Amino acid sequence: MIHNRTKKNGIKRTLLGLTFSSIVLSGYSQTKNFAVVNSSMTEKQLVEIAANIVPSPQQLRWQRLELTGFIHFGINTFTGREWGEGKDDPKLFNPTALDAKQWVKACKDAGIKQVIITAKHHDGFCLWPTKTTEYSLKNSPWKEGKGDVVKEVADACKELGVGFGVYVSPWDRNHPTYGSDAYNDVMVAQLTELLTQYGQVDEVWFDGANGEGPNGKKQIYDFERWYAHIRRLQPQAVIAVSGPDVRWVGTETGQGREEEWSVVPVGKKNKTDNGSQTKVDAPPAGDMMGNVLGSRSQLKDGDALKWYPAETDVSIRPGWFYHVDQDKKVKTAEKLKEIYFHSVGRNGVLLLNIPPDKRGLISDYDLAALKGWRKKLDEIFQENLLKKAKAVGSVKKIKPLLDGNDATHHLFSMKANDNSVEMDLNGEKTFNVLLLQENIRVGQRVEKFVLEYWDNNQWKKATEGTTIGYKRLLEFPTITTSKVRLRIISARLQPALAEMGLYFDKNNQ
Ligand code: FUL
């Protein structure tokens, strides 16, 4: 279905004699986030294609959010389970003081820019009064069955200027049609309700779990039909995880990969029926769990290369749902800071789950951790110590790196001396955190870099890394110096460096 649409609306572009197919989504311009490749291409050709793949407008907006929030809330909150079986009585759902604005405000105060609510988890219990099942809050005592949690979250997000997303579990352990074609229609009907009754939806999150339904049968999910439906109803939304726009980072620990490429090979299994082309909007296929995805040698591992960035999901508590006995196990501000450095700081978007309790409120334990976390990040990043730095060599080069704008950059030619940038710090400065950003509108290109500092009349290594991507953060032992140099050791084509910062974390000396 999508394939036909691609053909009809697609704009063909040629690079190195190869074809890029692009989809035009209503209201959005053509994108170049996907390219078909084949095994006879040389590494040089593949690297050049990969270096020119860029995010779609939806993916770019999503990446720039950096912090997103997950709200796991539902019948499990009241039973103490993580995975309900779809048999719990809807009457158990009865929050005493539910306040969705408190949830969204807690997220916003912590710096979170988009909130995703579990509209339906694996148990099948719907947090909105759907027409597709009786297993919803309309049969609960809460607000005498007249309540709508999805609406309350959507309204709070709108009021507070926070993005809004829905988690809709494909695995449904309650719906009687699960395991038959009719269930794919139920999913379409549920998506229609969620995507037409609550205003703008910015993210649709599908989990990959596919277990048995109430009659012991498994379901063949018609993902492509659902994707096409979402594209029609909410074209600005990203479809995440079991979706074509955003990839699961591969763990639920909050730790992203040190080397994280947003352009990865996809497709091996995604040939169309006649085998002629790999589809842009196919469910993820290929290895999405390996230690590194998308390195030079891996670019040939699929039928296509795609901008498919990583989302790092983790819960602030051991469980995804609230359990009173986990109140003392809420992650500390320090742990959340580490997670931030290892998710956002490793070219990912953090999706932090903060589950409300039985009252329908985020508990004081979680609120305190969020507050402490925000404070730590604000302290670390309050002042870029390069602010007053002077360029050694071309001034033009450092200006875009220090303007706080991730859309302006210096394009390193990688020839002669143009693979490094040297700065005089205007006196001695003390720091232990490096921030780098590429302008991903141009593509992700840096493969290896090193930060050096001037000490005893020679350059010494402060820290080094592989990928940068949208954002890279590195911590290292505290250094005091008056001169630094960043060298890009290896890159795909010409890397576009957008931002550079040095910071001092006083708690990490
Ligand atoms: C998982 C689910 O099984 C968990 O319950 C949770 O919703 C998590 C975000 O995704 O796969």
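A pocket is an open set of grid points, on a 1 Å grid over the protein atoms alone, with protein on both sides within 12 Å along at least five of seven lines. The model treated here is predicted.

**Exercise 1.** State the volume of the largest pocket and name the residues closest to its centre.

Solution. 
Step 1. The volume of the largest pocket is about 380 Å³.
Step 2. Its lining is made up of 22 residues, and W205, D207, G208, V241 and E252 are the closest to the centre.
Step 3. By class, the lining holds 12 nonpolar, five polar and five charged residues.

**Exercise 2.** Find where the ligand sits and list the residues around it.

Solution. 
Step 1. The place of the ligand is the largest pocket.
Step 2. The residues around the ligand are F70, H72, W83, H121, H122, Y167, W205, D207, E252, D313 and W320.
Step 3. Sorted by class, this shell has five nonpolar, three polar and three charged residues.

**Exercise 3.** Give the distances from oxygen atoms of the ligand to side-chain atoms of W83, H121 and H122, then say how much of the ligand is buried.

Solution. 
Step 1. For W83, a polar side-chain atom is 3.0 Å from a ligand oxygen.
Step 2. For H121, an N or O atom of the side chain is 2.9 Å from an oxygen atom of the ligand.
Step 3. For H122, the corresponding distance is 2.8 Å, again from a side-chain N or O atom to a ligand oxygen.
Step 4. The ligand taken alone exposes 290 Å², and 90% of that is buried by the protein.

Terms used. Residues numbered from 1 in each chain as written. Predicted model: local features only at pLDDT ≥ 70, side-chain atom pairs only at ≥ 80, totals over all residues. Heavy atoms only, no water. Near = heavy atom within 4 Å. Polar contact = N/O pair within 3.5 Å; in protein donor to acceptor, adjacent residues only side chain to side chain. Areas by Shrake-Rupley, 256 points an atom, 1.4 Å probe, with all protein chains shown as cover. 1 Å grid on protein atoms, 1.4 Å probe; cavity = no way out; pocket = protein on both sides within 12 Å on 5 of 7 lines; lining within 4 Å. Sits in = over half its atoms within 2 Å of the grid points. Nonpolar A, V, L, I, M, F, W, Y, C, P; charged D, E, K, R; others polar. Points joined across faces, edges and corners; volume = space filled by probe spheres on them.
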